[in-house]
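This report describes selected features of one protein chain.

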Amino acid sequence: MYKNPNLSPEERAKDLLSKMTLDEKIDQMCLTFKNDEKAEELGENDVMWNYCGEHANTPKKKTVEAFLNKTRLGIPPIYTGEGLHGIDTKYPQCAGIGGSFNRELVYKMGYDIGMCARAAGFMQVLAPVVDVPRDPRWGRLQESYGEDPYLVGEMGVQYVKGVQKNNVAATCKHLLAYGANEGGLNCAPSHVGEREVREIYLEPFKKCIDEGVMAMMPSYNEIDGVPMHANKKYMREILRDELGFNGVTVADWAGIQFLHKMHQIATTWTEAGKLALEAGVDIELPLPEGYDDRFKEAAKRGEVDLELIDQAVLRILTMKFRLGLFENPYGNPELKEKLHSKETVELSRLMDEQSILLLKNDGILPLDEKKVGKVAIIGNNAKDSFMGDYVVRSEYCVDFYTGIKNRLGEDNVLYAKGTNPIFTTDQLIEEAVSQAEKADTVFLVLGDNATAYGGAGGGDAIGNQLTCSEGYDAHSLNLLPGQQRLFDEIIKLNKPIILVMYAGRPHTLIKEVEKVNGFMFSFGGGEQSGNAFANLIFGDKTPSAKLTFSFPKDVGTIPCYYNYKPSARGCISKHGSMEQPGGAYVLCGPEPWYPFGYGLSYTKLEYSNLNAKVTDDKRVKVTVDVLNKGEYEIDESVLLFVKMMYCPVTPFVKKFRQFTKVNLKQGEKKTVELILTEADFTYIDHNIKTAVNRGEHKILIDKLECSIVI
């Protein structure tokens, strides 16, 4: 029966499961075989996981054939790969993509990633990241679409739809409250209660489950003393029983091992495997330690629940049948002609143009390329622009220096590195000052350093280490020492200066930005980043991105996310300042430097006529007029917030609940319509259940507000 493609995946999986031995079942729960005879016989050991560069470790046809022909039941393997923001074509990092507020672009990116994976033979990608980070010191903040659960969920859904359209499984990660880690440190405990979990962290996962995402990955952290890889409450009772997720769960890298060697709740590897199985973790990644031969022997002795093994294997087999692996377990070479196409390169550039933020402009931008004269491009990210983690640079990548040089010509562009990411030298500083002195305008291109995967450390004595990635968290959000020294020396020249930051997290640069003429920010550029910057700098396009993460004034004002509770920002006392000390913080207010949704453009927009009314089908129809009064065409993101005036459980000061993108030419006015449902007016009640909050609410768009009663 299981070989009959006319039967349903569920029927085929049940039939196949009934024919399997215990050893064969547990083999399915391992992403790869360990270095044993079976691995050798199948020509396989640790290459069933792909790094994130084009076709590294591309599945070999003879290996797949070995699984089909040299095993008793001929069960094909499933190859897993990364694909956060690009495989062949490289796209901007997700924190920037979120700032485009453009669902269509995220879907198209997901579709291309799914096509690349299918072409290479990887039928599962370990993305999207739908974490909701709350601490900007965390090195993985860049991987998420923002600090707001609604936005993250909407973008995650588009990624899932795009990838799975190619019959490739998307994997939502990391369940749960990863990014609320103590001290902003990776893997640290998350101090959250169930109400906060449901209000903030669970929503994006629920959206993706409703969309049909095929796989989930638990996180490294713990909640209330229970690591997520062993957390039956969240992994079984809520994820499966309540939310109805029937797909596959795959452990994070060594996540099951961490139950033994980091979290210390399991005395042996086998006990770690048993705890993970009981929590509902189906597949161990990368190599079997919990689900290894010792686990098999324990299962044969009756020490492991065989019914739980059957449940896990049934889910794995069902996904393999859903993906069509039994009929077509190989990659699709014909698709390779469509990879890194003119269309995907254009998409990458467009995404960057809608992701790059303009945060300060005293009128210096846009530059007139015919009048600008010579420019100096100086800084550690000028020629090695930060792309964000989980993507690998390729020969196609256009850095900032090259993008500007393409426009002005090599004779008009001076360059000096000036500093390494962390430290600098006298020679580097002298070279930078010398080049800047010759220029009419200076671009200081600073910020973070990351590679495909932060777990690979390294570096040298003058600071070429990674500074923002997985496992690279920050105690400070200031410029690093070498960059600060370079900045201070260049400022002394009194030249027109535009500060450009490529960084995986917000930075606290208030004093520095006061001294420059313009400030542009990228959370990590795609392969067309340099060309996209040039298009914005010279006015071919107007900046339209808006912040998805609030920028704090100082690390001491963290947390600074926008959707806080009414008492959370010291409302009893006035806020202190340097001019008038005292209050909540003696010398500083708790409000952010740049808030969620902030972003400048070259044009002037006017919002008016905000109206909201309840329709017959209990929805809320919201309309607002948007007028482009400036001189530049813009793709404007219209953002809608809901403010509950009163609620049985303390409400947020406001919640982001809807958005759309509207193109406005010079002088054009459009009426934008947005629809809300009762789900947008809910809260988690005293019984930890979702309830509609009846009463008055405010609808907020731009600086306008209107009232509505639900």
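## Strand 16 and its partners

Val622 has Leu674 as its bridge partner in strand 19. This pair belongs to the antiparallel pairing of strand 16 with strand 19 (residues 669-676), which extends over eight bridges. The model discussed here is predicted.

Strand 16 also pairs with strand 15, again in the antiparallel sense and over eight bridges. Within this pairing, Val614 has Val620 of strand 16 as its bridge partner. The hairpin of strand 15 and strand 16 has five residues between the strands, and Lys618 in this hairpin takes a positive phi near 65°.

Is strand 16 largely enclosed or open? Eight of the nine residues of strand 16 (residues 620-628) are buried, so the strand is largely enclosed by the rest of the structure.

## Helix 15

Helix 15 (residues 342-353) consists of 12 residues. From the first C-alpha to the last, helix 15 reaches 17 Å, close to the 16 Å expected at 1.5 Å a residue.

Among the buried residues of helix 15 are Thr344, Val345, Leu347, Ser348 and Met351. Arg349, Asp352 and Glu353 of this helix are buried as well. The buried residues of helix 15 pack against helix 5 (94-98), helix 6 (103-120) and helix 20.

## A nonpolar surface patch

The loop between helix 20 (529-537) and strand 15 (605-614) contains Met578. Met578 has a relative accessible area of 60%, and is therefore classed as exposed, the cut-off being over 50%. Together with Val586 and Leu587, Met578 forms a nonpolar patch on the surface, with about 310 Å² of accessible area in total.

Technical notes:
Residues numbered from 1 in each chain as written. Predicted model: local features only at pLDDT ≥ 70, side-chain atom pairs only at ≥ 80, totals over all residues. Heavy atoms only, no water. Patch = residues over 30% accessible without salt bridge, like charges linked within 9 Å, V, L, I, M, F, W, Y side chains within 5 Å. Areas by Shrake-Rupley, 256 points an atom, 1.4 Å probe, with all protein chains shown as cover. Salt bridge = Lys/Arg side-chain N within 4 Å of Asp/Glu carboxyl O. Helix = DSSP H or I, 4+ residues; strand = E, 2+ residues; numbered from the N terminus. Buried < 20%, exposed > 50% of the residue type's maximum accessible area, 1.4 Å probe, protein only. Pairing = 2+ DSSP bridges. Expected span 1.5 Å × (residues − 1). Contact = heavy atoms within 4.5 Å.
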